[in-house]
Amino acid sequence: MHKANEYDGRMDTNRESMKRCTCCSRALDDSFIYCPFCGRRIGLPDAPERKWYYSTRAVVLGIVFLGPFALPAVWFNPRYGILTKTIITILVLALTVLVGYALVMLYLRAVEQIGELMTSY
Ligand SMILES: [Zn+2]
């Protein structure tokens with residue numbers, strides 16, 4: 001309630017998709033439930049970064065199950081900075097290459113073993 005001055009300074013440099021107070025129509029951060037200027041209740045936060053597919057758990061699960069196909073969700077996620085996104089992308093791609101390599105090796109070994117079984121008869 002008394003942080004109005006402090007808040008004013010960074011108000012416009014934050015994000016362009018700010019919601020506004022329905023009472024005094026000042027720009028508000030999405031995380032505010034009560035307006036810091038007039039104290040009116042804004043409602044439950046429903047900002048895009050609070051959607052379930054932007055949660056860390058959803059991103060981790062997506063990467064585990066979808067691998068590199070989950071990367072667009074990481075890149076569209078407003079909660080991560082460019083560095084985090086780059087690191088996650090490199091890690092996922094490296095893992096994908098490793099898993100792909102392991103699968104190819106397993107496949108070649110299986111083919112080899114089947115070949116040995118065939119020739120042993
Ligand atoms: Zn207000």
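**Note on the predicted model**

1. Ser25 is found in the loop between β1 (19–20) and β2 (27–28), where strands are DSSP runs of E with at least two residues, helices are runs of H or I with at least four, and both are numbered from the N terminus. Phi of Ser25 is near 55°, a positive value in a residue other than glycine. Ser25 counts as exposed because it has 11 C-beta neighbours inside 10 Å; with C-beta atoms placed from the backbone, a residue is exposed if 12 or fewer others lie within 10 Å of its own, buried if 20 or more do, and partly exposed in between.

2. The model is a predicted one, in which local features need pLDDT of at least 70 and side-chain atom pairs count only at pLDDT 80 or more, whereas totals for chains, interfaces and linings use all residues. Residues are numbered from 1 along each chain as its sequence is written.

3. Four helices and two strands make up the elements of the protein chain, and from the N terminus on they run α-β-β-α-α-α. Of the 121 residues in the protein chain, 3% are buried.

4. Helix α4 (residues 82–120) has 39 residues, which at 1.5 Å a residue should span 57 Å, and its end C-alpha atoms are 57 Å apart, in agreement; the expected span is 1.5 Å times one less than the number of residues. The number of buried residues in α4 is zero, so the helix lies largely in the open.

5. Mean pLDDT (the predictor's confidence in each residue, from 0 to 100) is 80 for the protein chain, with 79% of its residues at 70 or more. Confidence is lowest in helix α1 (residues 4–11), at a mean of 50, and highest in α4, at 93.
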